[in-house]
Amino acid sequence: MQNKLFIDGQWVAPTDGAMLPVIDPATEKVFHHIAEAGAAEADAAVEAAREAFDNGPWPRLSGKERAKYLRSMAQGIRDRLPELARMETRDNGKPLPESEWDIADAAGCFDFYADQAEELDGEVEEVKLADARFVSKVVREPLGVAVAIVPWNYPLLMASWKVAPALAAGCTMILKPAETTSLTALELGAIAEAAGLPNGVLNILSGKGSVVGQALVEHPQVDKIAFTGSGPVGSRIMAEGAKDIKRISLELGGKSPFMVFADSDIDKAVEWIMFGIFWNQGQVCSATSRVLVEAPLYPKLLARLVEEAGKIRMGNGLDEGTLLGPLVNKGQYEDVLRHIDRAVEQGATVACGGKYEGFDKGFWVAPTILTEMALDSDAWVEEIFGPVVCIRPFETEEEAIRLANDSRFGLAAAVMSADDERCERVAAALRAGIVWINCSQPTFTEAPWGGYKQSGIGRELGRWGLDNYLETKQITRLVSDEPWGWYLK
């Protein structure tokens with residue numbers, strides 16, 4: 001496990017020697033320390049990335065040449081998948097099978113953007129002009145120096161969502177992982193090093209967001225900020241970036257609805273409701289945490305949901321059979337419990353779950369189902385970011401759509417029904433960037449990811465993710481020999 005920073009192709013210690021503890025959320029034990037970067041390291045990383053972009057080979061390589069490096073990094077991730085997955089679980093707390101899935105997806109992301117890089121070669125759009133004396137074409141070029149600030153819920157996967165398209169486009173990058181889950185992101189430096197990535201193309205700084213993250217956002221030599229995290233932090237990044245007119249893409253919070261109609265198969269509904277909120281301990285920006293159930297099905301579905309939620313096996317993510325691990329850290333654990341207590345104070349009923357005391361150590365919250373909450377209650381309105389789902393009945397399709405859209409967020413939504421026409425009708429009415437029909441949370445590298453309203457700006461993944469790191473240039477040529485004749489007659 002790395003304990004230094006990756007800057008300009010070298011592993012370096014922070015100038016002041018500062019370190020941060022790495023804590024296993026299942027045991028609360030410190031099992032490693034990582035370097036804590038500061039403003040000086042931010043300057044060095046940006047300088048390295050700027051030099052690599054302005055004078056290095058990376059932006060001037062063909063897409064096919066860059067693709068070779070990306071595929072090598074993908075293979076490097078796969079070669080170390082068991083090791084990286086265990087590291088992710090110890091760092092984040094999620095069950096090992098989930099970590100293995102995440103790491104495999106991260107490798108696939110690099111492969112996908114290798115293909116996208118190759119498709120950039122020779123990409124020229126001819127523009128038809130009204131004036132035959134000119135011809136015009138449009139090309140896309142790498143944007144410049146990018147900073148990626150990623151969250152703690154999917155440490156390596158979220159890094160891959162940003163690093164892979166940025167490198168495919170020809171940008172250079174500084175990656176700032178979450179201070180609480182930096183281990184696998186730092187290993188990406190070793191993987192890039194083994195792949196022979198030119199110095200300065202990828203730099204990785206672990207450290208506090210309030211220090212090194214802020215220094216990167218404020219740096220005048222940074223052209224682009226890509227951030228995934230909370231709305232308030234995203235708002236501050238957007239305001240700071242506006243000072244230099246930086247390109248900004250934001251993937252922020254959500255309070256996503258899941259509408260279940262009475263003709264739905266109850267087993268499938270219960271399965272997808274649980275997957276939509278208990279996967280990754282509910283620490284998912286797109287989690288379908290507001291469940292709306294058509295009234296005739298509501299009592300039976302609620303009873304079955306409570307029964308099945310109580311069967312979910314909790315434990316250390318490294319233990320076989322674990323389906324729900326601890327929350328990522330003490331702060332998040334305490335915040336989720338405060339949300340549950342607040343919900344009760346505001347009139348909600350805890351149908352099951354809450355604080356789990358089955359272990360002596362660790363940050364444990366049982367699968368929690370809240371009912372009878374008011375529409376203006378914090379539990380129904382605010383993102384809890386834990387294994388907590390709010391469920392209530394509805395009477396009509398129109399009511400369900402109105403309640404689903406009544407949120408300042410618009411990242412994702414889901415609808416379940418045996419009526420395909422109704423599903424398509426409801427999907428069209430939902431104000432969300434991602435809509436799932438008869439499922440919740442499947443995510444594909446090929447499809448766009450991002451939200452409406454306060455859930456963010458821009459899209460990641462697919463060809464849309466590549467667009468984040470490209471500039472569009474018009475090149476127009478005079479082809480006529482006729483004098484222009486405006487000043488010289």
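The model is predicted: local features need pLDDT of at least 70 and side-chain atom pairs count only at pLDDT 80 or more, while totals for chains, interfaces and linings use all residues. Residues are numbered from 1 along each chain as its sequence is written, and side-chain values use heavy atoms, with hydrogens and water left out.

**Overall architecture**

- The protein contains 15 helices and 22 strands; helices (H or I, at least four residues) and strands (E, at least two) are DSSP runs, numbered from the N terminus.
- Along the principal axes, the C-alpha atoms fill a box of roughly 85 × 60 × 40 Å.
- Of the 489 residues, 57% count as buried. Buried means under 20% relative accessible area, exposed over 50% and partly exposed in between, with a 1.4 Å probe and protein chains only.

**Annotated domain and active site**

- An unreviewed UniProt entry carries the annotation "domain: Aldehyde dehydrogenase" for residues 11–475. UniProt positions are given in the numbering used here, feature names are shortened, and annotations may be inferred rather than shown by experiment.
- Residues 11–475 are 41% helix and 21% strand, and the end C-alpha atoms of this span lie 41 Å apart.
- The UniProt annotation "active site", also from an unreviewed entry, covers Glu251.
- Glu251 is placed in strand S11 (residues 247–251) and counts as buried because its relative accessibility is 3%.
- Leaving aside residues up to four places away in sequence, Glu251 touches Phe227, Thr228, Gly229, Cys285, Leu411, Trp449, Ser455 and Glu460.

**Helix packing**

- Two packed helices are described by the angle between their axes and the distance between the axes. Axes are lines fitted to C-alpha atoms, for helices over the stretch in contact, and angles run from 0 to 180 degrees between N-to-C directions.
- The axes of helix H2 (residues 63–79) and helix H4 (residues 96–120) come within 8 Å and cross at roughly 170°. H2 is therefore roughly antiparallel to H4; angles under 35 degrees count as roughly parallel, over 145 as roughly antiparallel, 65 to 115 as roughly perpendicular and the rest as oblique.
- The contact of H2 with H4 has 13 nonpolar, two polar and seven charged residues. Ala, Val, Leu, Ile, Met, Phe, Trp, Tyr, Cys and Pro count as nonpolar, Asp, Glu, Lys and Arg as charged, and the others, Gly among them, as polar.
- Helix H3 (residues 81–92) and helix H6 (residues 183–194) have axes that come within 9 Å and cross at roughly 150°, and these two helices are therefore roughly antiparallel to each other.
- Leu84, Met87, Glu88 and Asp91 of H3 make this contact with Leu183, Thr184, Glu187 and Ile191 of H6. By class, the residues of the contact divide into four nonpolar, one polar and three charged.

**Buried residues and their neighbours**

- Leu305 lies in helix H10 (residues 298–309) and counts as buried because its relative accessibility is 1%.
- Leu305 touches Val270, Ile273, Met274, Ile369 and Ile391, residues up to four places away in sequence not being counted. Leu305 and Ile266 are 39 residues apart in sequence and 9.4 Å apart in space, C-alpha to C-alpha.
- Thr288 is in the loop between helix H9 (266–278) and strand S13 (290–294) and is buried, with a relative accessible area of 0%.
- Not counting residues up to four places away in sequence, the residues that Thr288 touches include Ser256, Pro257, Phe258, Trp436 and Gln441.

**Positive phi outside glycine**

- Glu372 is not a glycine, yet has a positive phi of about 60°. Glu372 is found in the loop between strand S15 (365–371) and helix H12 (378–381) and counts as exposed, at 59% relative accessibility.
- Leu461, although not a glycine, has a positive phi of about 70°. Leu461 is found in the loop between strand S21 (456–457) and helix H15 (462–467) and counts as buried, at 1% relative accessibility.

Methods: Contact = heavy atoms within 4.5 Å.
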